[in-house]
Amino acid sequence: MHGLDFDVAHMLAGGLVLVSLMMLYQDRLYALINTLALHAFILALSVAWQAYIHNAPHLYITAAIALGFKALIVPAALRNIVFRLGIHREIETVVGIGVTMLVGIGLVALSLEVMLPVTTRADPLAREDIALALSVVLIGLLMMVTRRNAVSQVAGFMSLENGIVLAATGAQGMPLVVEISVAFSVLIAFIVIGIFLFRIRERFDTVDVGALDSFRGEHE
Amino acid sequence: MILSLAAQGTQMLLVLLLAPLLTGYVRKLKARLLRRRGPPLLQPYIDLRRLLRKEAIVADSASWLFRVIPYVVFAVSWVAAALVPTFATGLLFSWSGDLIVIIALLGAARFLLALAAMDVGTSFGGIGSSREMMIASLAEPAMIMVVFTIALIAGSTQLSSVAAHMLVTGVGLRVSLALALVGFMIVALAENARIPVDNPATHLELTMVHEAMVLEYSGRHLAMIDLAAELKLLLYASLIACIFVPFGLVLGAAGPQTYAVGIAAYVGKLAVAGTMLGVLETVIAKMRVFRVPNFLGIALMLGLLGTLLLFVSRTL
Amino acid sequence: MTIILACVAGLLALALLAAVIGASERGRPIVYGGSLALCATILVLAVSMQSEASLVLPLGLPWLGAHLRLDALARVFLALVDLGGAGACLYAIGYGRHEAAPLRVLPFVPAFLAGMNLVVLAADAYTFLFAWELMSLASWALVVSDHRSAEAVRAGFVYLVMATFSALMLLLAFGMLAAPHGSYAFAQMRGGGPGAWRAGLVLALALVGAGSKAGLVPLHAWLPLAHPAAPSHVSALMSGVMTKVAVYAFIRIAFDLLGVSSWWSAVVVLALGGLTAVLGVLYALMQHDLKRLLAYHTVENIGIIFIGLGLAMAFRANGFAAGAALALTAALFHVFNHMLFKSLLFFGAGAVLTATGERDMEHLGGLIHRMRLSSVAFLIGCAAISALPPLNGFVSEWLTFQAILLRPDLPQWGLKVMIPADGALLALAAALAAACFVKVFGVSFLGRPRTSAAARAVEVDRWSLVAMLGFAALCLLAGIFPGVMIDALAPAVQQLVGGRLPVQSGLPWLSVVPIADSRSSYDGLVVLGFIIVSASLAAVAVHELASRAVRRSRAWDCGYPGLGPTTQYTAASYSQPIRRVFGTIVFRSHETVEMPPPGDLAPARITKTMHDLAWEVFYAPTAAAVGRVAEYLNRFQFLTIRRYLGFVFIALVTLLLALTIWQ
């Protein structure tokens with residue numbers, strides 16, 4: 001299972017990290033949502049390739065879920081939300097894009113440095129995939145931390161979940177029931193967040209989560 | 001000895017002759033994609049001939065540096081282009097400079113051109129020079145990180161060794177190589193003053209970078225600088241061809257038939273590169289000047305990520 | 001060896017002599033000429049001596065004496081110090097003519113040179129620190145020589161504080177090294193074999209002590225204050241030579257006396273080096289005072305040198321002698337190169353100051369027409385420092401890059417992350433340096449004169465020109481014959497890391513092959529030859545076959561006639577794009593524009609604010625804290641007699657108590 005199989009799997013995992021970094025770079029909402037769709041698409045390809053080389057047919061279903069749900073339905077729903085909320089399409093960041101990307105690279109280095117020594121006895125294909133998956137998770141978290149706009153935080157959350165799925169498939173043997181339950185919890189979370197967003201928008205006329213702070217009752 | 005000298009000389013003449021053709025092809029393709037007829041394919045040669053014959057008009061405040069720099073810039077670009085294996089590796093003087101030397105030579109050409117822009121003492125030159133150095137301050141490190149990635153994969157910075165390694169050993173698909181390719185293409189766009197970084201056909205001060213630097217030049221000086229810019233574009237296309245798609249390169253000594261195949265393969269690769277460049281320039285728009293650092297920052301991050309992956313793991 | 005010492009003694013004697021004859025007209029050429037001759041003698045001896053020599057003089061501490069030793073490392077640095085010193089003295093024979101108060105400058109320059117020579121020759125801690133302090137004090141006197149300027153006085157104060165701090169750190173480092181055997185001689189310290197913690201502490205102290213003298217961030221703040229305040233030849237000596245003596249101190253302690261390297265100390269050195277390189281050049285880009293810009297740029301080059309040293313330590317900690325040799329050779333080569341081109345650039349800045357009376361780039365311009373030879377020398381200096389082939393700056397940068405690419409499979413994770421990060425930082429620093437020096441040369445020398453002072457500039461005297469052109473020629477020679485330099489550095493590298501680069505002198509076409517033929521090689525001579533041949537061929541072909549007509553006319557002015565020199569780009573506008581890209585992160589810089597309302601004839605104002613983070617985070621709070629403690633302690637000056645007696649009483653009782661407990 002060496003040679004081309006390894007390379008394509010690594011290429012897809014690396015592509016996922018690359019698209020995560022691209023998501024950090026975006027500063028327009030529609031472009032961000034399209035990148036999120038691309039992220040899920042590459043995840044679907046990666047899971048399908050894992051299914052092919054490990055001969056695990058249930059992973060094909062995971063890939064189909066990723067493709068249909070996360071690459072098509074969720075981005076369409078997000079676009080719909082953005083359109084109906086009418087929120088302006090630029091994303092404000094807490095620190096500049098350059099610094100965010102530098103920190104993103106640092107997180108990739110950190111996750112490689114943590115994961116590779118720990119997994120020296122594991123299957124060589126899975127080791128690097130898990131390390132790259134951890135970096136996708138960390139970058140998703142970074143995105144949630146450094147964005148003011150709630151929709152972009154949702155995008156970060158979705159990419160984080162994609163990273164978890166990548167790690168799980170790489171570990172060879174995530175049962176289908178776990179995948180379905182994870183997908184359902186994401187769906188619920190998504191619906192809740194969607195409702196929440198509309199509520200915030202109704203109340204405060206903005207989805208900048210910083211605006212919530214002034215209403216927390218911590219007056220100085 | 002004679003054969004290798006002939007091969008090196010052929011290479012130097014070949015790059016010189018093909019450079020304007022590549023630019024002419026890109027312009028023609030862009031025109032066609034916009035449903036215009038466009039200038040003839042050999043227009044750059046006609047332009048060079050016309051400019052060479054004209055009287056050079058030099059500003060009153062220009063110094064001796066202004067008149068010397070076009071020749072030095074041309075010479076430096078030509079030497080750099082001659083060091084890249086185009087149809088054969090291991091040419092006679094290819095060992096005198098490796099990838100880092102080529103990048104530094106291009107940096108020297110840019111340094112001199114930026115100085116020439118400041119020489120006359122107008123604000124156009126200042127604009128072009130300062131923006132060019134800002135772009136270069138990110139493009140050059142990005143290029144060096146891409147070179148690091150390639151050198152770590154191939155085990156050498158010497159272009160002949162790199163090409164031989166890529167051709168013979170068969171690296172396969174590697175993540176870091178893919179990252180390096182994307183980074184390389186972004187840097188190539190920036191360095192050659194192409195859309196989305198700079199528009200090579202504009203003269204509005206809001207949008208000029210490279211054109212602002214050479215605004216004062218005319219006649220034979222402008223011809224030299226234009227030829228140097230065309231050589232630079234050819235150089236970047238040749239680098240991508242030599243490193244990432246080295247199929248058809250002649251390794252070691254071979255008969256004239258193999259050399260002919262090598263030259264044909266090289267011209268084919270240039271045509272593909274020109275097509276991709278033309279299509280890309282037609283499809284996307286130029287960026288605002290202060291979004292260019294973000295764009296180049298991506299190239300720097302990709303190169304850094306590629307290098308990091310190679311330091312950290314063996315198979316990535 | 002005795003001749004060298006005699007020359008050093010001669011320098012000290014010259015210092016005393018200068019105090020007497022300095023004011024007279026012929027005093028200056030005698031002092032500087034004498035220093036030049038003595039430095040040149042030491043240089044020739046250092047280069048030609050092949051073997052080690054040592055000497056013990058009955059000076060200094062009675063039980064120690066003064067140990068002096070000339071080994072391979074000392075030879076390299078001695079040659080460097082005296083080459084820089086000789087160049088500066090040659091330059092000063094002409095430049096010193098404009099000195100307002102010669103007696104404040106003349107006696108201290110030979111003393112400064114003597115101090116630096118003695119630091120390199122010292123083989124025991126006492127002599128070393130004595131010479132170090134002599135070097136610091138002499139240069140301090142030179143910094144405050146322009147005593148009427150408040151800037152110089154403040155610079156001198158900060159310099160004195162930092163110099164004392166560095167000497168204290170080195171004293172502690174030597175103390176820890178001397179602890180096992182109780183002897184201050186280097187020969188005894190060398191065999192010490194300290195444990196891991198002791199070695200780490202010594203290295204940290206040496207890094208702080210030597211680093212603050214060299215200019216590592218965040219201990220660099222004195223450098224851009226002190227170096228510009230001194231006269232130009234002294235600035236060249238301080239930036240070009242004294243910082244290298246500080247690097248020598250670090251190399252001597254870290255590589256020679258300590259004998260072992262640990263990989264995490266290499267990570268620290270690499271991190272500091274990379275940070276210093278990028279911050280130094282970013283600071284330099286924001287300056288418009290010529291000498292201050294050059295001083296900040298020294299900080300960047302020290303960062304590059306420490307990156308090379310960190311790589312050498314990393315390879316040495318992993319037992320990879322060939323890699324350590326490559327990295328150390330790159331660092332030492334850069335030390336030499338920087339001495340050459342920084343001195344050249346400071347000489348040029350001094351020439352500009354003499355010719356126009358201005359140090360501010362915003363008041364210069366068009367000097368290339370008025371100062372032809374100086375501008376050529378300065379251009380070569382700018383090109384060399386921007387690491388353009390075929391000059392010398394490129395060779396040391398190339399060697400450093402080869403060292404970075406050498407071993408991606410080092411086992412330690414800190415190194416795996418730090419080395420590529422340093423590669424990126426080094427590349428970024430090099431690109432920014434090129435931008436900085438295009439700005440320097442473009443704004444000061446090219447374009448049109450912005451003030452009447454610049455329009456009236458005249459070429460400087462012959463001595464200065466000879467010094468500048470000589471150093472420029474050396475830059476070119478070191479760039480096209482790097483193999484000679486590498487072979488000259490080999491004995492020192494061999495002594496320190498136990499390995500050396502392959503012999504370069506026999507290679508065909510004088511190329512440089514640091515590791516192996518197939519891996520990489522560079523031939524400066526061939527590249528230069530190619531460039532010259534192509535350029536001449538092109539020029540001749542064009543002139544013969546096409547046209548050679550030239551017509552002078554007005555510059556393109558978009559139809560607005562009479563655009564004056566103030567419409568040119570200034571230094572601040574040149575660096576504005578880079579300030580927007582990098583400065584917002586590093587300096588928290590932002591620009592505010594105040595526009596008057598329409599119809600109002602007042603001008604619009606643009607204000608840019610920048611924060612010097614090192615000053616605000618380290619120095620200002622420390623100074624404030626010291627001030628507060630001093631205020632508090634000041635109360636002890638005004639106590640009653642009863643309280644003072646009480647102190648004596650308490651001290652006595654405490655000592656007696658301690659005595660009983662001890663027994």
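Chain C and chain A bury about 390 Å² between them, with 83% of that on carbon and sulfur atoms; buried area here is the accessible area (1.4 Å probe) that two parts lose on being put together, summed over both. On the chain C side, Trp413(C), Val417(C) and Ile585(C) lose the most area to chain A, together 98% of what that side buries. Four residues of chain C and six residues of chain A take part in the contact, where contact means heavy atoms within 4.5 Å. Salt bridges between chain C and chain A number zero, a salt bridge being a side-chain nitrogen of Lys or Arg within 4 Å of a carboxyl oxygen of Asp or Glu. Helix 18 (residues 413-444) of chain C supplies the largest share of the side that touches chain A, three residues. By class, that side of chain C has three nonpolar, one polar and no charged residues.

A word on the model itself: it is predicted, so local features need pLDDT of at least 70 and side-chain atom pairs count only at pLDDT 80 or more, while totals for chains, interfaces and linings use all residues. Residues are numbered from 1 along each chain as its sequence is written, chains are lettered from A and ligands numbered from 1 in the order in which they are written, and side-chain values use heavy atoms, with hydrogens and water left out.

Next comes the pairing of chain C with chain B. About 6900 Å² is buried between these two chains, 73% of it on carbon and sulfur atoms, and the contact draws 84 residues from chain C and 76 residues from chain B. The count of salt bridges between chain C and chain B is one: the side chains of Arg551(C) and Glu55(B) meet at 3.0 Å, N to O. Helix 18 of chain C gives the most to the side of chain C that touches chain B, with 19 residues. That side divides into 53 nonpolar, 18 polar and 13 charged residues. In this sorting, Ala, Val, Leu, Ile, Met, Phe, Trp, Tyr, Cys and Pro count as nonpolar, Asp, Glu, Lys and Arg as charged, and the others, Gly among them, as polar.

The largest nonpolar core holds 429 residues, and Ile243(B), Phe128(C) and Phe250(C) touch the most other members. Such a core is a set of buried Ala, Val, Leu, Ile, Met, Phe, Trp, Tyr and Cys residues joined through side-chain atoms within 4.5 Å. Helix 14 (residues 321-356) of chain C brings the largest share of this core, 22 residues. Leaving aside residues up to four places away in sequence, Ile243(B) touches Leu99(B), Ile150(B), Leu159(B), Val162(B), Met166(B) and Phe184(B). Thr329(C) also sits in helix 14 of chain C, and counts as buried at 1% relative accessibility (buried means under 20% relative accessible area, exposed over 50%, partly exposed in between; 1.4 Å probe, protein chains only).

A cis peptide bond joins Ile195(B) and Pro196(B), with omega about 10°, and Pro196(B) lies in the loop between helix 7 (175-191) and helix 8 (210-213) of chain B. Helices (H or I, at least four residues) and strands (E, at least two) are DSSP runs, numbered from the N terminus. Arg35(B), although not a glycine, has a positive phi of about 60°, and is exposed, with a relative accessible area of 79%.
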